[in-house]
Amino acid sequence: MNENATNRGNATTTRPALDRTFSVAPMMDWTTRDYRAFARCLTRRALLYTEMVTTGAILHGSPRERFLGYDAVEHPLALQLGGSDPGELAECAAIAEAWGYDEVNLNVGCPSDRVQNNLIGACLMGYPDKVAEAVAAMRRAVSIPVTVKCRIGIDDQDEDADLERFIDRVADAGCDTFIVHARKAWLQGLSPKENRDVPPLNYPRIYRLKAQHPELHIGINGGIKTLEACRGHLDAGADSVMIGREAYQNPWLLADVDSTLYGVEPPATSRHEAARAFRPYVMERLAEGVKLNHITRHLLGLFQGCAGGRRFRRYLSESAHKEGAGISVYDDAIGLVDERRLAEPARERA
């Protein structure tokens, strides 16, 4: 990484124009700053999202760096906020802009009981006026884009009428970009994990939503696992695609994003090249006092399906958490996968 300083923000910083064609979904405990920095060794063009950060954490947590810190190489980068109070969301959006984020996204899709109790996440789909008020306040506070990530509905809502009502109301408040998870969220009776798999996917509903609102940017999310599927959704009418778990568990998928969806050369042409490119960042974070396993846990799937991949994963899992584990552990783990024997035809197209 040649841009290694933490970006503490400046509202006047020149930001790259956002191309939302492909993004990596915000995922709690997964899309940390270390994962995002590693993702940049695989794709320069994908839009990256933080984990959801609540307004309370930003306004009352300390140090703020813990919740908002990132490496400059992560741009383009969006901060996802969790909250419902318009004033608090507006204040946090302004803070995000001052820290240099390229977008602020409001979470209206998380089904967890804990966030429901604080009127955060998917439950807000039942309060379109409140979401609209929050979006309007955020837009008044910042010049960067304010976007919404939501579901196609919750519980017994009508996937057509209620979703249309929600989109219309929030769009009237000034939001022109929605990333829609193509499943309902069942707030009663299903766990957050079950809500990622049990409710059926309804991709055609997203295509119809875009057809009904050509003036809006409508992105699609949920159950997407390959770049071929991404192209299919784009061809079917979605403006953009967002991949979550697959991009984390099988990070090498990201190595083809730039060439396949943007028509530009990727930053790495092999897994070893990506691992070597990430090494200076690992050393910087270790020097800051970050434990090795907190960084390398995001790389466990890098050599998935490769000879030596299991040894790589096992060695990091067993060694990186030990007291004093340093860069030599990282190097030894990579050395367990013989680069000369690694067969990677055309980067194993996704």
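1. In this predicted model, the contact between α4 and α6 is made by Pro86, Leu89, Ala90, Ala93, Ala94 and Glu97 on the α4 side, which meet Glu133, Ala134, Ala137, Met138 and Ala141 of α6. Sorted by class, the residues of this contact comprise nine nonpolar and two charged, with no polar ones.

2. As for the geometry of that pair, α4 (residues 86–98) and α6 (residues 128–141) pack at an angle of about 35 degrees, their axes lying 8 Å apart, and the crossing they form is right-handed.

3. A second pair is formed by α14 (residues 309–319) and α15 (residues 327–335), which pack at an angle of about 160 degrees with their axes 8 Å apart. Since angles over 145 degrees count as roughly antiparallel, α14 and α15 are therefore roughly antiparallel to each other; α14 passes α15 in a right-handed crossing.

4. On the α14 side, the contact with α15 is made by Phe312, Tyr315, Leu316 and Ser319, while α15 contributes Val329, Asp332, Ala333 and Ile334. The residues of this contact divide into six nonpolar, one polar and one charged.

5. Turning to burial, helix α8 (residues 203–212) has Tyr203, Arg205, Ile206, Leu209 and Lys210 buried. Viewed down the axis of α8, these buried residues fall within an arc of 160 degrees, so they line one face of the helix. In general, an α-helix has 3.6 residues a turn, so residues three or four places apart point the same way.

6. The elements covering the buried residues of α8 include the strands β5 (146–154), β6 (177–185) and β7 (217–221), together with the helices α7 (161–172) and α9 (227–236).

How values were computed: Residues numbered from 1 in each chain as written. Predicted model: local features only at pLDDT ≥ 70, side-chain atom pairs only at ≥ 80, totals over all residues. Heavy atoms only, no water. Buried < 20%, exposed > 50% of the residue type's maximum accessible area, 1.4 Å probe, protein only. Helix = DSSP H or I, 4+ residues; strand = E, 2+ residues; numbered from the N terminus. Arc of directions from axis to C-beta. Contact = heavy atoms within 4.5 Å. Axes fitted to C-alpha atoms, helices over the stretch in contact; angles between N-to-C directions. Parallel < 35°, antiparallel > 145°, perpendicular 65-115°, else oblique. Left-handed = near helix turned anticlockwise from the far one by under 90°. Nonpolar A, V, L, I, M, F, W, Y, C, P; charged D, E, K, R; others polar.
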